[in-house]
Amino acid sequence: MLTLDQLIAEATALPDADKTILLEKLVESMAEQLDQDVLREGVQQAQKRLAEIENGTVQAIPGEVALAQIRQLMDL
């Protein structure tokens, strides 16, 4: 089995087309875990925001008000 340094040396010596294929395969192999991590972070953030609303740390505003504020900021 190749060491990581050997694998990197061999991978960087590949033609660009083969590097692209290798990169796509590596990303595919990590995508499921990355998706789970992003989902977990999103759930944690939503739980944090809900707790802030429930304990009065922040005050919720209606969605149409928030969208109007965003539209106004985008016009600047």
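Guide: Lys-19 and Asp-16 form a salt bridge, and their closest N and O atoms are 3.8 Å apart. A salt bridge here is a side-chain nitrogen of Lys or Arg within 4 Å of a carboxyl oxygen of Asp or Glu. The model is predicted: local features need pLDDT of at least 70, side-chain atom pairs count only at pLDDT 80 or more, and totals for chains, interfaces and linings use all residues. Residues are numbered from 1 along each chain as its sequence is written, and side-chain values use heavy atoms, with hydrogens and water left out.

Both Lys-19 and Asp-16 belong to helix α2, 3 residues apart, which is about one turn of the helix. Helices (H or I, at least four residues) and strands (E, at least two) are DSSP runs, numbered from the N terminus. An α-helix has 3.6 residues a turn, so residues three or four places apart point the same way. Lys-19 counts as partly exposed because its relative accessibility is 31%, while Asp-16, at 57%, is exposed. The cut-offs are these: buried is under 20% relative accessible area, exposed is over 50%, and partly exposed is in between, using a 1.4 Å probe and protein chains only.

The whole structure has 3 salt bridges. Another one joins the side chains of Arg-40 and Asp-37, at 2.8 Å from N to O. These two residues are 3 residues apart in α2, so about one helical turn separates them. Arg-40 is partly exposed at 43%, and Asp-37 is partly exposed at 26%.

A further salt bridge links Glu-52 and Arg-49, at 3.1 Å from N to O. Glu-52 and Arg-49 are also 3 residues apart in α2, and therefore about one helical turn from each other. Their side chains make a polar contact of 3.1 Å as well. A polar contact is a pair of N or O atoms within 3.5 Å; within protein, one must be able to donate a hydrogen and the other to accept it, and residues adjacent in sequence count only if both atoms are side-chain atoms. Arg-49 is partly exposed, at 44%. Glu-52 counts as buried because its relative accessibility is 15%. Of the 76 residues of the protein, 3% count as buried. Apart from neighbours within four places in sequence, Glu-52 is in contact (heavy atoms within 4.5 Å) with Thr-57 and Val-58.

Now the helix itself. Helix α2 covers residues 16-54, and Glu-52 lies in it. It has 39 residues and spans 53 Å from first to last C-alpha, close to the 57 Å expected at 1.5 Å a residue; the expected span is 1.5 Å times one less than the number of residues. At Ala-31, α2 bends by about 45°, the bend being the angle between axes fitted to the seven residues ending there and the seven starting there. After α2 comes Gly-56, with a positive phi near 85°.

As for the setting, the protein has 3 helices and 0 strands, in the order α-α-α along the sequence. Its C-alpha atoms fill a box of roughly 55 × 35 × 15 Å along the principal axes. The radius of gyration is 23 Å, whereas a compact globule of 76 residues would have one near 11 Å. That radius is taken over C-alpha atoms, and the globule rule is 2.2 Å times the number of residues to the power 0.38.
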